[in-house]
Amino acid sequence: MGKRIDDDLKKHLVKLVLEEGKKQTDVSREMGIPLGSLRRWVSEHRQKIQAERDGVEYLTPTEQMKRQRDMEKQIRDLQEENEILKKAMHIFSRNPQ
């Protein structure tokens, strides 16, 4: 697995490509960053900018996966709670006091 790149460095590299007009291949070679990673960061940044213009919330694939996992956990918790309430309702309706 490769080295972890700081978010600030990613933003700086994207800025070099988009705002200063440097070639992705040159920035990649100078900074020792894989070209595919730099291209992905630039692409994600462009998508984010476009989403902001369109008034839509942009989520990276990692953020989408995290949000989906959170929602799936919430669904499981609610299903469990629902089952507990069904059992309680059954018990209380069977033995009126």
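I take a residue as buried when its relative accessible area is under 20%, and I keep in mind throughout that this is a predicted model.

**Entry: Ser28**

I looked up Ser28 and found it in helix 2, which covers residues 24–31. Leaving aside the neighbours within four places in sequence, I found Ser28 in contact with Ile33, Pro34, Leu35 and Leu38.

**Entry: helix 1 against helix 3**

I then turned to the axes of helix 1 and helix 3, which come within 10 Å and cross at roughly 80°. I therefore note helix 1 as roughly perpendicular to helix 3. On the helix 1 side I listed Lys10, Leu13, Val14, Val17 and Leu18 as making the contact, and on the helix 3 side Leu38, Trp41, Val42, His45 and Arg46. By class, I count 7 nonpolar residues in this contact, together with 1 polar and 2 charged.

**Entry: the largest pocket**

Last, I looked up the largest pocket, for which I have a volume of about 950 Å³. Its lining is made up of 25 residues, and I marked Asp7, Lys10, Trp41, Glu44 and Thr60 as the closest to the centre. The elements that I found giving two or more residues to this lining are helix 1 (7–18), helix 3 (35–54) and helix 4 (61–94). Sorted by class, the lining of the largest pocket holds 11 charged, 9 nonpolar and 5 polar residues.

Conventions. Residues are numbered from 1 along each chain as its sequence is written. This is a predicted model: local features need pLDDT of at least 70, side-chain atom pairs count only at pLDDT 80 or more; totals for chains, interfaces and linings use all residues. Side-chain values use heavy atoms; hydrogens and water are left out. On a 1 Å grid over the protein atoms alone, a cavity is a set of points where a 1.4 Å probe fits but cannot get out, and a pocket is an open set with protein on both sides within 12 Å along at least five of seven lines; lining residues have an atom within 4 Å of a point. Grid points are joined across faces, edges and corners, and a volume is the space filled by probe spheres set on the points. Helices (H or I, at least four residues) and strands (E, at least two) are DSSP runs, numbered from the N terminus. Ala, Val, Leu, Ile, Met, Phe, Trp, Tyr, Cys and Pro count as nonpolar, Asp, Glu, Lys and Arg as charged, and the others, Gly among them, as polar. Axes are lines fitted to C-alpha atoms, for helices over the stretch in contact, and angles run from 0 to 180 degrees between N-to-C directions. Angles under 35 degrees count as roughly parallel, over 145 as roughly antiparallel, 65 to 115 as roughly perpendicular and the rest as oblique. Contact means heavy atoms within 4.5 Å.
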